[in-house]
Amino acid sequence: MVLTSRSVAGFRPLVNRFMLDACPKVCDSNRMKIALTLTDQSFADTKSVGIFNVSLGLVRGLMQCPEEAELHVLGNRECADYFADRPANMHLHLTDRDVPRRFARVWWDQVGLPRYLRRMQADWALLPKGFPPYFPRLGRTKLACYLHDVNWEYYEQRGRQEGTPFPRHQLLYFRTLGLRCLRVADLVLTSTAFNCERFAAHVPQARVERVGIGFDDPPQPHTESRGRDVLFYASPYPHKLTRLGLARLGRWLDVSPHADGVRVHVLGGLPPGAVLPGPRWVHHGRLPKEDMRRLMQETCRVSVYFSEYEGFGMPPVESLRAGLPCVSSLLPPLAENIPARYLFRNEDEADFLRVMDAAYTAETVECPVYPSWREVAQRVLLAMRRCK
């Protein structure tokens, strides 16, 4: 089912009447009618690969639960190809406009989206990015928000000392919506026990369920035939500690007996003013999926992930599932998802060098078992049924 409108801002009465006629008002008594929105995400050029994968994965998982969920996905024209072969329990509603940005995005979040959801009259509205409209007023529809962290908390604390890369009004906007989510959502979904603790510190009465994050592709084996290089995850955002990571890896290249001739592949943007130390460092920025696969499964022997704050920690998990050990900062959410043998203390250079050498010379990769998206979707549906 495809719904088009000439204007995202208008949602003229004719379009609304069509939508009401096209969408059943009453579901089978054993199935929940769920409206999930992807309209604010770009599927051609996303800044957040983690949220992008989580959103698509959650939809795929719910599509595999036809006996439990009638799924209505509100999407933009960029996402249509991802759901070309959708099952009967999944209905796709598309706007014919580009992904809203800047003030158009604010308008859509606060006005356009609630209009759509009220017209849909679903049992649940599920927001995979976690930020609800400030005045939901969704009628009979309950609100579930998949909130991934309280990153604004970290930057508020840091900003009092060093400043942040975010304009004050942007930080305030996301802080306000994050707290609004915890206060008004009938159900808050998240991925780690660490997030549950942080949410409770702000809004103790919030109903929070830890459902995790799923993975559908099978994990790849670690092979001795892979290359000798190192993959380093970089970011311009201060909480990723890219400058510290460059310094620590440079030190490892200088002192480790295993680092002779090893190159470091830097994936991601660099902080302002940061430069790579020398010719052994290769900057890739962003990579197509196939190039990324080749780098992780053929070129590199270990990956490195520095961070000072995480809600889940997607890159280390994706590395492990690609058969690539990932040496990572010791943070509570990473300790939930990454084997202890790969974790180092940020403040201890010797600890990093020890963990790095051990991971680089290991003959096997320890990869935990992570849930599938169908399992995550079933946890979501169970949490919804528990909400009275």
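First, the ground rules. The model is predicted, so local features need pLDDT of at least 70 and side-chain atom pairs count only at pLDDT 80 or more, while totals for chains, interfaces and linings use all residues. Residues are numbered from 1 along each chain as its sequence is written, and side-chain values use heavy atoms, with hydrogens and water left out.

Confidence next. pLDDT is the predictor's confidence in each residue, from 0 to 100. The protein averages 85, and 87% of the residues score at least 70. Over residues 1-27, pLDDT is below 50. That stretch still has 62 contacts in the model beyond near neighbours in sequence; contact means heavy atoms within 4.5 Å. Where pLDDT is low, the predicted coordinates should not be read in detail.

Now the cores. A nonpolar core is a set of buried Ala, Val, Leu, Ile, Met, Phe, Trp, Tyr and Cys residues joined through side-chain atoms within 4.5 Å. Buried means under 20% relative accessible area, with a 1.4 Å probe and protein chains only; exposed is over 50%, and partly exposed is in between. The largest core has 84 residues. Val 230, Leu 249, Trp 252, Phe 352 and Met 384 have the most contacts inside it. Apart from it lies another core, of 29 residues, among them Tyr 154 and Tyr 309. Back to Phe 352: its partners include Leu 249, Trp 252 and Phe 306, not counting residues up to four places away in sequence.

On to helix H3, residues 102-120. Helices are DSSP runs of H or I, at least four residues; strands are runs of E, at least two; both are numbered from the N terminus. H3 has a kink of about 45°, centred on Trp 108. The bend is the angle between axes fitted to the seven residues ending there and the seven starting there. Trp 108 is buried, as are Asp 109 and Leu 113.

Last, two loop residues. His 148 sits between strand S5 and helix H4. Its relative accessibility is 12%, so His 148 counts as buried. A polar atom of the His 148 side chain lies 2.8 Å from the backbone oxygen of Pro 128. Ser 256 sits between helix H7 and strand S9. Ser 256 is buried because its relative accessible area is 9%.

Methods: A polar contact is a pair of N or O atoms within 3.5 Å; within protein, one must be able to donate a hydrogen and the other to accept it, and residues adjacent in sequence count only if both atoms are side-chain atoms. The expected span of a helix is 1.5 Å times one less than its number of residues.
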